[in-house]
Amino acid sequence: MRQVSCRNCGNRVLVEKYSNEHTSVQWLEESAQVCPELARASDQPFSQRSCSALRDTINDLADAGAVEMSERSYPVPGILS
Ligand SMILES: [Zn+2]
């Protein structure tokens, strides 16, 4: 996995790519406290954990070939703690 920092809020995540469409993102910190965009979204009970700036950061890295494709065929569920 590759560590990526959101270029907007600096939130750190681990990113792993399984295919062009399937990217796994693992949060390393309490994201709602780190990312202003996520803090807003946490008011809603079923909000998705996503930050558009972070997604853009990951997409740019992937386009640049900086996120290598994983050898594994299936993502491991769960969050690192
Ligand atoms: Zn963010």
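**View 1. Burial of cysteine 51 in the predicted model.** Cysteine 51 counts as buried because its relative accessibility is 3% (buried means under 20% relative accessible area, exposed over 50%, partly exposed in between; 1.4 Å probe, protein chains only). The model is predicted: local features need pLDDT of at least 70, side-chain atom pairs count only at pLDDT 80 or more, and totals for chains, interfaces and linings use all residues. Residues are numbered from 1 along each chain as its sequence is written, and side-chain values use heavy atoms, with hydrogens and water left out.

**View 2. The zinc ion and its donors.** Cys9 (SG), Cys35 (SG) and Cys51 (SG) coordinate the zinc ion at 2.2 to 2.6 Å. Donors are N, O and S atoms within 2.8 Å of the metal (3.2 Å for Na, K and Ca); water is not among the atoms, so sites may look incomplete. Along the chain, the donor spacing is C-x25-C-x15-C. Cysteine 9 sits in the loop between strand E1 (2-5) and strand E2 (12-17), and cysteine 51 in the loop between helix H2 (36-41) and helix H3 (52-63), so the pair ties together parts 42 residues apart in sequence. Helices (H or I, at least four residues) and strands (E, at least two) are DSSP runs, numbered from the N terminus.

**View 3. The open sheet of 3 strands.** The strand order is E1-E2-E3, with antiparallel pairing (two strands pair if DSSP finds at least two bridges between them). E1 and strand E3 (23-27) are the edge strands, each pairing on one side only. E2 and E3 are joined by 5 bridges, and leucine 14 has glutamine 26 in E3 as its bridge partner.
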